[in-house]
Amino acid sequence: WGVPSMAESSVAQQHDEEVVLSAVRLAMQKAFPIIQETPDVECVRECILAELMDNNLQAPQELQRVLSDVLVGHEDDGIEMEELPSFYQHLSEQLANLNEVDDEGEDLEPGTCCMCERPMPLTFHHTIPRSTHDWYLKHGKTKEELSQGIMICRQCHNAVHTFRDHRELAEHHNTLETIMMIPEIQKFVKWASKQKARAVSANRLG
C-alpha cells in the first residue's frame, strides 16, 4: 500500500483534522452571521468534518448532496436554511484554499517552525500574500517590502491561510507577532506543538 494520490484522496484527507475543522468553522461564520455557539452546533461541525474526511467532497453541489441532512433543523442555533447555498459556496472556497498555500513551492530544508517551534520541513510564507502584491505595488509598497516572510511548517502554513483570507492577512496580520495574535492560531499552535515532529514531510502539496 502507499500514500493515496491526489485523485484518490479528498482535499480534507490531505490535511490535519484541526485545519479542516477550522475551515468548516470559518465557512459557517461567514454564511451564518447569527450562529450560536451551542453543543448542537459543535456536533454539526464534527459531523461535517467526519463527512469531509470520509468523502471526496469539494464542489458546492457535492457538499449540498452529502451535508444537507446534517444542517437541517438547526434554525434556533442560527443555521438559517436560506443561507445554506452560501455555506456550501464558502466551504468549497475554504477547501480549495487549503491546496493554494501561498509559498515558495515544495517543502524546504528542515528547520524549526517559528510558530509551533517544532523541527520540521519548512515553507516560506509571504507575510503580505502574493495575490495582493499587484495592488500594493500600485499603492506604494516596494518589492523588497513585499518579499518579506517567515519560515513555517506546512501545517502552520495551511492554518494561517485557513483562518484568515489574503486581504486580512495583508492588512492586519503581516508579521509573525500579529499572526500569533489570531485567537484561532493560538489554539492551533498549542495543538500543533504537541504533535510529532517530522524529519521529512508526509504531505508534499507543492
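The secondary structure of this predicted model comes to 10 helices and 3 strands. Colour the chain from the N terminus on, and the elements run α-α-α-α-β-β-α-α-β-α-α-α-α. The protein has 206 residues, and 45% of them count as buried. Among contacts between residues at least 6 apart in sequence, 71% join residues at least 24 apart.

**Stop 1: the core**

Select Ile48, Phe87 and Leu91. The largest nonpolar core has 47 residues, and Ile48, Phe87 and Leu91 touch the most other members. Next, colour the elements that give two or more residues to this core: helices H1 (17–31), H2 (39–54), H3 (60–71), H4 (84–98), H7 (154–163) and H10 (183–192), together with strands S2 and S3 (149–153). H1 gives the most, with 7 residues.

Now keep Ile48 and show what surrounds it. Which residues does Ile48 touch, not counting residues up to four places away in sequence? They are Val24, Leu67, Val70, Leu71, Phe87 and Leu91.

**Stop 2: two packed helices**

Hide the rest and select H7 and H10. Two packed helices are described by the angle between their axes and the distance between the axes. Here the angle is about 155°, and the axes are 10 Å apart. Is H7 roughly parallel or roughly antiparallel to H10? Angles over 145 degrees count as roughly antiparallel, so H7 is roughly antiparallel to H10. The crossing of H7 past H10 is right-handed.

Show side chains to see the contact. On H7, pick Gln155, Cys156, Ala159, Val160 and Phe163; on H10, pick Glu184, Ile185 and Phe188. These residues make the contact between the two helices.

**Stop 3: a loop residue**

Select Thr127. This residue lies in the loop between strand S2 (119–126) and helix H5 (133–138). Is Thr127 buried or exposed? Its relative accessibility is 7%, and buried means under 20%, so Thr127 counts as buried.

Next, display the neighbours of Thr127. Leaving out residues up to four places away in sequence, Thr127 touches Gln148, Gly149, Ile150, Leu169, Ala170, His173, Asn174 and Thr175. One of these, Asn174, is worth a separate click: the side chain of Thr127 reaches the backbone oxygen of Asn174 at 3.5 Å.

Note on methods:
Residues numbered from 1 in each chain as written. Predicted model: local features only at pLDDT ≥ 70, side-chain atom pairs only at ≥ 80, totals over all residues. Heavy atoms only, no water. Helix = DSSP H or I, 4+ residues; strand = E, 2+ residues; numbered from the N terminus. Buried < 20%, exposed > 50% of the residue type's maximum accessible area, 1.4 Å probe, protein only. Polar contact = N/O pair within 3.5 Å; in protein donor to acceptor, adjacent residues only side chain to side chain. Contact = heavy atoms within 4.5 Å. Core = buried A, V, L, I, M, F, W, Y, C linked by side-chain atoms within 4.5 Å. Axes fitted to C-alpha atoms, helices over the stretch in contact; angles between N-to-C directions. Parallel < 35°, antiparallel > 145°, perpendicular 65-115°, else oblique. Left-handed = near helix turned anticlockwise from the far one by under 90°.
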